[in-house]
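Subject: Structure handover

Hello,

Here is the structure for you to look through. Please open it first, then read my notes below.

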Amino acid sequence: MYEKQILLIPGPTMIPPRVLRAMAAPSMGHRSEKFSQIIKEVSENLKKIFQTKNDVYILTSSGSGAMEASVVNFINPQDKVIVLVNGKFGDRYAKINERVGAEVIRLDFEPGVPADPEKVREILAQDTNKEIKAVFVQQNETSTGILNDIKAIKEAMGDHPALLIVDSISGMAVADFPVDEWGADVVVAGSQKAFMIPPGLAFITVSEKAWKVNEQCRSFNFYFDLRAAKKNLAKNTTPYTPATSLIIGLKESIDILLEEGLENIFRKQLKYKEMVREAVKAMGLELLVQDEKYASPAITAIKVPENIAWKDLNNLLVNEFNVMLAGGQDELKGKIFRIGHIGYVHEMDLVVAIAALEMALYKLGYPVELGTGVKACQEVILKYKEVN
Ligand SMILES: Cc1ncc(COP(=O)(O)O)c(C=O)c1O
């Protein structure tokens, strides 16, 4: 009966009706003048979101396609790379690099702990022959709700020539990331997160320094060949048939983001993070990420309380209260659950989700006084309204 669901997973995120209406437009020729104009406008606007002067290429793929592109266009077999891993997606970067045949120096961090820039500094300092070609990291590690400090990681790299390659799939347009100012070389993002459109598009930007590295790259690529993307974007088109409806939706969603303004979005995301974290603490639940500074403004990971099964909690949330949250992934499956607060989320969606969480936990025998989490959320909302 309800077409509407409070969907608070870290993507696919909810879609604004304005974007849905735009995507319902009749098919358009992907080589037409009209569509080229759309590509031109969207690509220009993507630069504003990425805070870069370099081109941002639109790939028809999920985010992992852009991750793959960010490896196969720059890394050769036997190249040495550092991969910072604080969750499932860092692990994916390590796997893609291994598949290419790179020698991966993998730095693992405990779930809920940010990547330590000092470790990067130490390893690069020992690399006197400058053999390390790149440092890979997630800006926002979605599986654990960590926001890594990209600026500090770049600073720790000093004058080492390695590229800084960042997966910002769930970080872009959520937390500030001035790509050029912070000196990231390759940055990827994905459509189904803060861009508020369905899965199927990914975005990637490449610095001049990274293009020089690309000239020496021999790894196999075809569909994800960024030289083809560059050549075609110069003509306001794409090498292959793009997901036209998604790009039309993207044009609308970027308009929405730019109308709201990046600064306002970042502030809103901090409010959402605070609402959820305060509610969780008030309910006596435990957060996975202890250090506020590194807690993601996109998603909050919460430990599943003892004696409660995530499966039962999730069943109640979905079937009785129409709220969908996300479970844990890989070794965190059943141990944590996650509340996504990214994309087309209104503050009152979070109040509803916290109310649902309280009721579901209450029904499962968890000792929560109804209203405690909701009250904490309300207090944060009011605090921000006074500030503004
Ligand atoms: C940080 C991060 N990287 C990579 C991915 C993979 O993207 P996709 O599932 O769109 O391939 C995700 C998806 O959740 C993500 O959050």
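Start with strands S8 and S9 (residues 186–190), which pair in the parallel sense over 3 bridges. Two strands count as paired if DSSP finds at least two bridges between them. Helices (H or I, at least four residues) and strands (E, at least two) are DSSP runs, numbered from the N terminus.

The model is predicted: local features need pLDDT of at least 70, side-chain atom pairs count only at pLDDT 80 or more, and totals for chains, interfaces and linings use all residues. Residues are numbered from 1 along each chain as its sequence is written.

S8 also pairs with strand S5 (residues 132–138), in the parallel sense over 5 bridges. There, Val135 has Leu164 of S8 as its bridge partner.

Is S8 (residues 163–167) mostly covered or mostly open? Mostly covered: 5 of its 5 residues are buried. Buried means that 20 or more other C-beta atoms, placed from the backbone, lie within 10 Å of the residue's own. Leu163, Ile165 and Asp167 are on one side of S8, with Leu164 and Val166 on the other.

Next, strand S2 (residues 56–60). It is largely enclosed by the rest of the structure, because 4 of its 5 residues are buried. S2 pairs with strand S10 (residues 201–206) in the antiparallel sense, over 5 bridges. Ile58 stands opposite Phe203 in S10.

Now helix H3. 8 of its 10 residues are buried, so H3 is largely enclosed too. Among the buried ones are Gly63, Met67 and Glu68. Their cover includes S2, S8, S9, S10, helix H4 (88–100) and helix H9 (226–233).

H3 (residues 63–72) also gives the most to the shell around the ligand, with 3 residues. Which residues come nearest to the ligand? Of the 15 around it, these are Ser62, Gly63, Ser64, Phe89 and Thr142. A residue is near if its C-beta atom, placed from the backbone, lies within 6 Å.

Last, a separate topic: the open sheet of 3 strands. Its order is S11-S14-S13, with antiparallel pairing. Strands S11 (299–303) and S13 (326–327) stand at the edges with a single partner strand each, so one side of each has no neighbour in the sheet. S11 and strand S14 (residues 336–340) pair over 5 bridges. Ala301 has Arg338 in S14 as its bridge partner.

Best wishes

Notes: A residue is buried if 20 or more other C-beta atoms lie within 10 Å of its own, exposed if 12 or fewer, and partly exposed in between; C-beta atoms are placed from the backbone. Two residues are in contact if their C-beta atoms, placed from the backbone, lie within 7 Å.
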